Amino acid sequence: MSEAATRRVFSGSPWEDEFGYCRAVELPDGRVLVSGCTSVVDGEVTDGSPYDQAVNAFGVALAALAELGLDSGHVVRTRMYLTHVRDVDDVGRAHRETFGHARPAASLVVVSAFVDPRMVVEVEVEAHRDAAPHSPRADETAADAADALPTPGEGR
């Protein structure tokens, strides 16, 4: 893979230079990998609830995607890391509000700590340039989707 075919986005985080990484990388095949994002704004951890931190962290990731001309509808996978299991519902709500229309594959993992004890959420996002932004029909529900699945023993 040539360097010219790979695009990188930098957010200005001091850790990018210190640790030698960038905020996002777009690969020649259209995949975009966004580094772990936390609720850091202008170099400072923002105080707030786990929900607020998740919203801010997703915002950092989406800003990196926007630099590449993509949005939340192009997201195909997310990973959420939390320091407390009690925060699962709040972070899940922030995820649903941000990506519920796109329905990416998602993982949520509880970890012991982050580099700053004020951080309680970190997120990673993967997108694909060719992913068609998904807008569900107004009448589409999870039950409708489940009804469309084959029953055991029934092939499609």
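The legends below describe close-up views of one predicted model.

Local features are reported where pLDDT is at least 70 and side-chain atom pairs where pLDDT is 80 or more, while totals for chains, interfaces and linings use all residues. Residues are numbered from 1 along each chain as its sequence is written, and side-chain values use heavy atoms, leaving out hydrogens and water.

**Figure 1. The elements of the chain.** The chain has four helices and eight strands. Helices (H or I, at least four residues) and strands (E, at least two) are DSSP runs, numbered from the N terminus. From that end, the elements follow the pattern β-α-β-β-β-β-α-β-α-β-β-α. Of the 156 residues in the chain, 35% are buried; buried means under 20% relative accessible area, exposed means over 50%, and partly exposed lies in between (1.4 Å probe, protein chains only).

**Figure 2. The open sheet of six strands.** The strand order is S1-S2-S3-S8-S6-S7, and the pairing is mixed. Two strands pair if DSSP finds at least two bridges between them. Strand S1 (7-9) and S7 are the edge strands, each pairing on one side only. From one strand to the next, the twist averages 10°. Here and below, axes are lines fitted to C-alpha atoms, for helices over the stretch in contact, and angles run from 0 to 180 degrees between N-to-C directions.

**Figure 3. Strand S6 and its two partners.** S6 (residues 75-82) pairs with strand S8 (residues 121-128) in the antiparallel sense, over seven bridges. In this pairing, Glu126 of S8 is the bridge partner of Arg77. S6 and strand S7 (residues 105-110) run parallel and are joined by six bridges. In S7, Ala106 is the bridge partner of Thr78, and Ser107 is that of Arg79.

**Figure 4. Helix H3 between two strands.** S6, helix H3 (residues 88-99) and S7 form a right-handed β-α-β unit. Right-handed means that, with the strands pointing away from the viewer, the path from the first strand over the helix to the second runs clockwise. H3 lies across S6, S7 and S8, and runs at about 160° to S6.

**Figure 5. Helices H2 and H3 packed together.** Two packed helices are described by the angle between their axes and the distance between the axes. The axes of helix H2 (residues 50-67) and H3 come within 8 Å and cross at roughly 35°. Residues making the contact include Tyr51, Phe58 and Leu62 of H2, and Val91, Ala94 and Phe99 of H3. Contact means heavy atoms within 4.5 Å. By class, nine residues of the contact are nonpolar, two polar and three charged. Ala, Val, Leu, Ile, Met, Phe, Trp, Tyr, Cys and Pro count as nonpolar, Asp, Glu, Lys and Arg as charged, and the others, Gly among them, as polar.

**Figure 6. Val76 and Arg103.** Val76 lies in strand S6, and Arg103 lies in the loop between H3 and S7. These two residues are 27 residues apart along the chain, and their C-alpha atoms are separated by 7.6 Å. Val76 is partly exposed, with a relative accessible area of 38%. Leaving aside neighbours within four places in sequence, Val76 is in contact with Pro104, Ala105, Glu126, Ala127, His128 and Ala131. Arg103 is exposed, its relative accessible area being 64%. The phi of Arg103 is near 50°, a positive value in a residue other than glycine.
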